[in-house]
Amino acid sequence: MTASASATATRATATRQEALLETARRVLPGGSFGNLAGDVVLARGAGGHVWDEDGRQYIDYLLGSGPMLLGHAHPAVTAAAQAQIPLGTTFFGNNRPGILLAEAIVEAVPCAEQLRFLSSGTEADLYAMRLARAFRGRDKILKFEGGYHGMSDYALMSLAPKRPGNSARPIPDSPGIPASVVEEVIVAPFNDLAAATALIERHAEELGGVIVEPFQRLIPPAPGFLQGLREVTARLGIPLIFDEVVTGFRFAYGGAQEYYGVTPDLCTLGKICGGGFPLAAIAGRAEIMALFDRATAGEEKFLPQIGTLSGNPVAAAAGLATLDVLRRPGTYDALFATGRELMAALAEEIQRAGFAAQILGEPPLFDVVFSAAPVTDYRGMLGADAALMKRFNALLRQRGILKGESKYYVSCAHDAADVAATREIWASALKALKAG
């Protein structure tokens with residue numbers, strides 16, 4: 001292709017993307033799906049990379065907000081989905097891929113004796129909280145400040161309060177939430193076992209359950225924190241729920257509960273177990289999951305759970321293929337090695353640039369936090385320089401790294417060349433950030 005032909009093709013592509021963005025601004029609130037800012041239209045992905053409609057390539061650390069642990073368009077996952085599609089794309093009933101995926105998850109996840117499928121993490125967390133309340137016959141849920149559990153009314157309590165208060169009373173993070181929900185949620189500080197234990201003990205007769213991200217956004221649990229939550233909830237007979245929508249199959253094949261060595265009563269799963277298709281699950285002790293079975297629970301205790309696409313066979317086939325790859329020897333060793341190399345490189349570049357910052361997270365999921373003070377909970381995150389982080393992320397996007405506002409999701413497809421290219425981009429972006 002001649003230089004002039006190449007320039008013409010580039011202009012045509014750019015015009016196509018701008019036309020799509022103009023359409024998006026007309027038909028979508030904010031010009032987006034509500035996830036990323038509506039300033040880019042993604043056209044395709046392969047491995048650890050994505051391309052926008054301009055044909056520009058990015059090293060992808062967004063990974064669809066986490067599902068693409070194997071990378072985009074993994075051959076085994078693609079083949080499994082393509083094989084299922086001619087056989088039917090949804091049935092609203094039991095199907096072979098869904099049953100086999102349920103079996104694989106039960107075998108993998110320590111707390112999982114039975115499970116039910118849903119289509120999103122929000123649904124899974126909503127049902128997990130409802131199931132715990134129904135099982136115990138109590139209305140209140142204890143969650144942790146800054147913890148994300150989807151977009152339901154209960155979940156949107158003290159997710160991101162701008163002016164957090166010094167009490168267990170939650171702060172709604174969204175309009176449209178009934179005022180009465182405030183009375184049904186108790187908020188505790190993450191990683192403060194003494195405070196959490198005191199609240200659980202004080203409200204034990206009111207609590208239906210305790211829900212926690214075992215790894216809260218970017219913050220690892222302090223030593224003994226999860227174990228302490230397990231002890232107090234078990235002692236008082238209160239169901240403990242691990243929200244593993246993000247960490248399930250990411251930190252280990254058995255999720256964060258395997259990685260940290262603490263088994264809850266219930267957990268929620270999503271993202272990875274659907275192989276990039278809409279699929280989530282709630283799993284746990286058979287005694288609690290039995291409430292979903294009318295014959296076992298009886299009419300008074302039976303909890304209906306219905307979803308048009310729950311157990312979708314295409315998503316289940318993709319999930320089965322994904323889990324099959326993850327079971328291969330050395331998969332997690334390689335993933336963690338890549339993550340550790342990236343974390344070390346970012347730390348070195350940050351230090352070289354002279355910023356007061358720290359790398360927070362675990363090898364498969366981390367980010368830089370522009371704060372010199374230790375960050376162990378949500379309020380610690382509030383002390384970080386958010387404006388500096390926003391500028392840094394924008395500089396990274398300009399240079400070819402795609403990520404969300406926080407979190408580098410590392411995939412099995414990222415290789416040594418990606419690590420090297422990422423380091424070069426970090427160095428360049430930090431230099432520009434330093435220059436102001």
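In which sense do strand β4 (residues 114–118) and β10 pair, and over how many bridges?

## Strand β10 and its partners

In this predicted model, strand β4 pairs with β10 in the antiparallel sense over five bridges, where strands are DSSP runs (E, at least two residues) numbered from the N terminus and two strands pair if DSSP finds at least two bridges between them. Within this pairing, F117 has A281 of β10 as its bridge partner. Strand β9 (residues 266–269) also pairs with β10 in the antiparallel sense, over four bridges, and L266 has G284 as its bridge partner there.

Five of the five residues of β10 (residues 280–284) are buried, that is, under 20% relative accessible area with a 1.4 Å probe and protein chains only. On one side these are A280, I282 and G284, and on the other A281 and A283, which leaves both faces covered. In a regular strand the side chains alternate between the two faces of the sheet.

## The four-stranded sheet

An open sheet with mixed pairing has the strand order β1-β2-β3-β13, and its edge strands, β1 (42–46) and β13 (401–402), each pair on one side only. Strands β2 (residues 49–52) and β3 (residues 57–60) run antiparallel and are joined by three bridges, with W51 standing opposite Q57 in β3.

## Basis of the model

Residues are numbered from 1 along each chain as its sequence is written. Because the model is predicted, local features need pLDDT of at least 70, side-chain atom pairs count only at pLDDT 80 or more, and totals for chains, interfaces and linings use all residues, while side-chain values use heavy atoms, with hydrogens and water left out.

Terms used: Buried < 20%, exposed > 50% of the residue type's maximum accessible area, 1.4 Å probe, protein only.
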